[in-house]
Amino acid sequence: MQKIHHIVLILLLSISTSYSQANKPNVIYINVDDLGWMDTVTYGSRFYETPHIDQLAKSGMRFTQGYAAAANCAPSRACLMSGQNTPRHGIYTVGNSERGNAKTRKLIPIENNEILADSVLTMAEMFKQQGYVTGTFGKWHLGKNPKTQGFDVNYGGGHQGAPGNGGYFSPYNLPSLENGPDGENLTDRLTQETIRFISENKDKPFFVYLPFYAVHTRLETTAELEKKYSKKGGDKLQNNAVYAGMIETVDKNIGLLMNALESLHLDNTLIVFTSDNGGIRKISSQHPLRAGKGSYYEGGIRVPYIIRWKGIVAPNTVSETPITNLDFYPTFMDMLKLKLPNKKLDGTSILAVLKGEKIKERPLFFHFPIYLEAYDSEKDDARDPLFRTRPGSVIIEGNWKLHQYFEDNALELYNLETDLGERHNLVKANPQKAKELLAKLDNWRKTIQAPIPTNRNPAYDATYKPLKNKKGKEQ
């Protein structure tokens, strides 16, 4: 009798676990590489064609004040996967932190980490601990193998940040992705592998990370799409036909993915669509935002966010709540009712926002204690022609945004409600607000132990005048 009772308990536990697993939401996080805030119809483009992304927005919630936690690839991805801001994981850029000509750098920058330590409990590992099957399809950029950091399967992910010359068409330049038929498109292939993974795991909760390599340089598209957009023309802000073709390819695959979810009846799936940082301004202007990728002006960090979750997120809604990709780790934990007492997180759950409620207003912080050289001195629209970013920190609170630069301790204060383009520095007009925000920024840096470069660079030459080539780049 006791043995029968024990068997019944095991069966009941098994049924309970199966029911619990079946009711856990699936999660798909789509991270388009270098897609700017204005690079879809949804956010105002009149040149690019993105009907499927627009339909995704109409079926979910669009955020108007969404940010990447960093202005370029690797640090933004590290922030997402760790749930921690840049001072905690130490990834600030790609490669060396001493970017640009040494004679033009006043400070010795903080050293940069290039790999997210395996000791960090990643978002993928968190999902895996909760019984999810996990897959990544595309750019990883945080180490050699994402399978050591929580993913069951990996298609295309490694330390590389771009597919290289010719790499958007098979044969590929990616060690972790087998070649397809000659001429197969990389974005198409990554989506096909994603759909296959979802189909094979439709009866289990799954976490899909879909970080397309597109629309990162080197720009490549089909001759047909390039011809289409060359004929269309564009305007002085957005007119790159190859880039437009890459965006259309991403959009087409978003449509294929959404159709697959519909056909498999996977309604209980939370979908996030975003970019890892702002777009490259010389390729695609993000006007009215200033600057682009690599800059901590709005063009470098403000990105599109669309979230769909049937039955939870009301269709065709817009949120003005400021968010960053740091918020998704705690949001997914909140969704799973999970507590991790030893895990330090720097974001805030936005689950209440997704349900149509409000969260407490909080400041957003950005820290970049290194250098990032210019793409194009004329088109970057940066603080100076030599660097997209010099060492500094930023705080955004409400409509106010304060930049602090460590080389000269200069401050820039902007009201984003009236000056989204960050053209009118209000430090002198509103010194009290600048002082208030600087105190909060200082306190945050002390709390998180953010390193600040203070050592002077002996190679710096104040009289040095770099020569420029015809494209405006330093020689």
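Biologist: Is Arg290 buried or exposed?

Modeller: This is a predicted model, and in it Arg290 has a relative accessible area of 12%. Buried means under 20% relative accessible area, so a residue with that value counts as buried. Arg290 is therefore a buried residue.

Biologist: With which residue does the side chain of Arg290 meet in a salt bridge?

Modeller: The partner is Asp381, with N and O 3.9 Å apart. The cut-off for a salt bridge is 4 Å between the side-chain nitrogen and the carboxyl oxygen. This pair links distant parts of the chain, 91 residues apart. Asp381 lies in the loop between strand 12 (372–373) and strand 13 (387–389), while Arg290 lies in the loop between strand 7 (269–275) and helix 9 (298–301). Asp381 counts as buried too, at 16% relative accessibility.

Biologist: How many salt bridges does the structure hold?

Modeller: The structure holds 35 salt bridges. One of them joins Asp188 and Lys252, whose closest N and O atoms are 3.0 Å apart. Asp188 belongs to helix 6 (residues 186–200) and Lys252 to helix 8 (residues 241–263), so this pair ties together parts that are 64 residues apart in sequence. As to accessibility, Asp188 counts as buried at 17%, whereas Lys252 is partly exposed, with a relative accessible area of 38%.

Biologist: Where do Arg445 and Asp442 lie?

Modeller: Both residues lie in helix 12 (residues 431–448), three residues apart, which is about one turn of the helix. Arg445 is buried, with a relative accessible area of 5%, and Asp442 is partly exposed at 29%. Elsewhere, salt bridges that share partners join Glu184, Arg189, Glu193, Arg196 and Glu200 into one network.

Biologist: Which residues of helix 6 and helix 8 meet?

Modeller: On the side of helix 6 they are Thr187, Asp188, Thr191, Thr194, Ile195 and Ile198. They meet Thr249, Val250, Lys252, Asn253, Leu256, Leu257, Ala260 and Leu261 in helix 8. Asp188 and Lys252, the salt-bridge partners described above, are among these residues.

Biologist: How many aromatic pairs does a search of the whole structure find?

Modeller: The search finds 23 aromatic pairs. Such a pair is described by the distance between ring centres and by the angle between the planes; planes under 30 degrees apart count as stacked, over 60 as edge-to-face and the rest as tilted. Phe127 and Phe332 form a tilted pair, 5.4 Å centre to centre and with 50 degrees between the planes. Phe127 is in helix 5 (residues 123–129) and Phe332 in helix 10 (residues 328–335), so that the pair links parts of the chain 205 residues apart. Phe127 is buried, as is Phe332.

Biologist: Is the pair of Phe151 and Phe207 stacked or tilted?

Modeller: The pair is stacked, at 6.1 Å centre to centre and 25 degrees between the planes. Phe151 lies in the loop between strand 4 (133–137) and strand 5 (153–155), and Phe207 in strand 6 (residues 206–210), 56 residues apart. Both Phe151 and Phe207 are buried. Ring pairs also link these four Phe residues with others into a cluster, including Tyr29, Tyr132, Trp140 and Tyr209.

Biologist: Over which ring does the charged end of Arg383 sit?

Modeller: The ring is that of Tyr405, with the charged end of Arg383 4.0 Å from its centre. In another case, Arg62 lies over the face of Tyr43, at 5.5 Å from the ring centre.

Biologist: With which residues is Glu397 in contact, leaving aside its neighbours within four places in sequence?

Modeller: Those residues are Glu361, Pro363, Glu436, Leu437 and Lys440. Glu397 itself lies in strand 14 (residues 392–397) and counts as buried at 17% relative accessibility.

Terms used. Residues are numbered from 1 along each chain as its sequence is written. This is a predicted model: local features need pLDDT of at least 70, side-chain atom pairs count only at pLDDT 80 or more; totals for chains, interfaces and linings use all residues. Side-chain values use heavy atoms; hydrogens and water are left out. Rings of Phe, Tyr and Trp (its six-membered ring) pair if their centres lie within 6.5 Å; planes under 30 degrees apart count as stacked, over 60 as edge-to-face and the rest as tilted. Helices (H or I, at least four residues) and strands (E, at least two) are DSSP runs, numbered from the N terminus. Buried means under 20% relative accessible area, exposed over 50%, partly exposed in between (1.4 Å probe, protein chains only). A charge sits over a ring if NZ of Lys or CZ of Arg is within 6 Å of the ring centre and within 35 degrees of the ring normal. Contact means heavy atoms within 4.5 Å.
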